[in-house]
Amino acid sequence: MVIETKKSAMDTFVAKTKELFASEPDLDKRWQALTPILSDLLADPAVVAASKNWPDCVPADGRAENLLFYVDDEYGFAINGLTKNANRGGRTRIHDHAHIYTLYGVLDGKESVERYDRLDDRSRPDYAEIKLASSVEVGPGEIDLVGPYEVHSENTVGQRTVAVIIRSQMGGTFNQGRYNPETNEYYESLGPRQTPVEMLPEA
Ligand SMILES: [Fe+2]
């Protein structure tokens, strides 16, 4: 009798990511090399199918919400889901992710990603000058690497969007930068609430 054991796409992703983290100490190179590994996860039909039923993330009390699929106890990286209802509309706040690296992979739907340059010398704690550097519409399979302190926003364009996000450290436990380009106000606050959800529920 042949017993077939098929690893889930998430198990494969985690195993490949741990291999990469063990072999590549340079953080910029490591996070660039993770992109094709995330591509495979985004392309997996079981993940795409399951994502149709992931619950909507709902911002509350000034904080975003992320679905938490996995945290690695050896390397600390986290796998998040982010689902945005089509009616949610509008823009996310312009922000950075503090010291962490993030891969933001679109799984379903389209949205626009805006990137900003920081222009001032960071000498004032409550002040930041930023300027729009690029605005790109992204769709399924596209991946954005967000390095430490890079300023950006992800905006819905009137449709449900789903992203899988890999972070070098689970969010929500440290402050992230917030930017208002109209007033040049800068402040910091906690990142997204983490709601544990099964990425691939048992059929
Ligand atoms: Fe972000």
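## A question to start

Which residue in E11 does Arg 178 stand opposite? Tyr 187 is the one. Keep in mind that this is a predicted model, and let's look at the whole chain before coming back to that pair.

## The chain as a whole

If you count up the secondary structure of the protein chain, you get three helices and 12 strands. The radius of gyration is 17 Å, close to the 17 Å that the globule rule gives for 203 residues, so the chain is as compact as a globular protein of that length. Laid along its principal axes, the C-alpha trace spans about 70 × 40 × 30 Å.

How much of the chain counts as buried? That comes to 33% of the 203 residues. As for contacts with a separation of 6 or more, 74% of them are between residues 24 or more positions apart.

## Strand E10 and its partners

Now for strand E10, which covers residues 175-180. One of its partners is strand E3, residues 94-95, and the two pair in the antiparallel sense over two bridges. Here His 95 stands opposite Arg 178 of E10.

Strand E11, residues 185-190, also runs antiparallel to E10, and six bridges join them. This is where the opening pair sits: Arg 178 faces Tyr 187 across these strands.

## The turn between E10 and E11

What links the two strands of this hairpin? There are four residues between E10 and E11. In this hairpin, Asn 184 takes a positive phi near 65 degrees.

How values were computed:
Residues numbered from 1 in each chain as written. Predicted model: local features only at pLDDT ≥ 70, side-chain atom pairs only at ≥ 80, totals over all residues. Rg over C-alpha atoms; globule rule 2.2 N^0.38 Å. Buried ≥ 20, exposed ≤ 12 C-beta atoms within 10 Å, placed from the backbone. Contact = placed C-beta atoms within 7 Å. Pairing = 2+ DSSP bridges.
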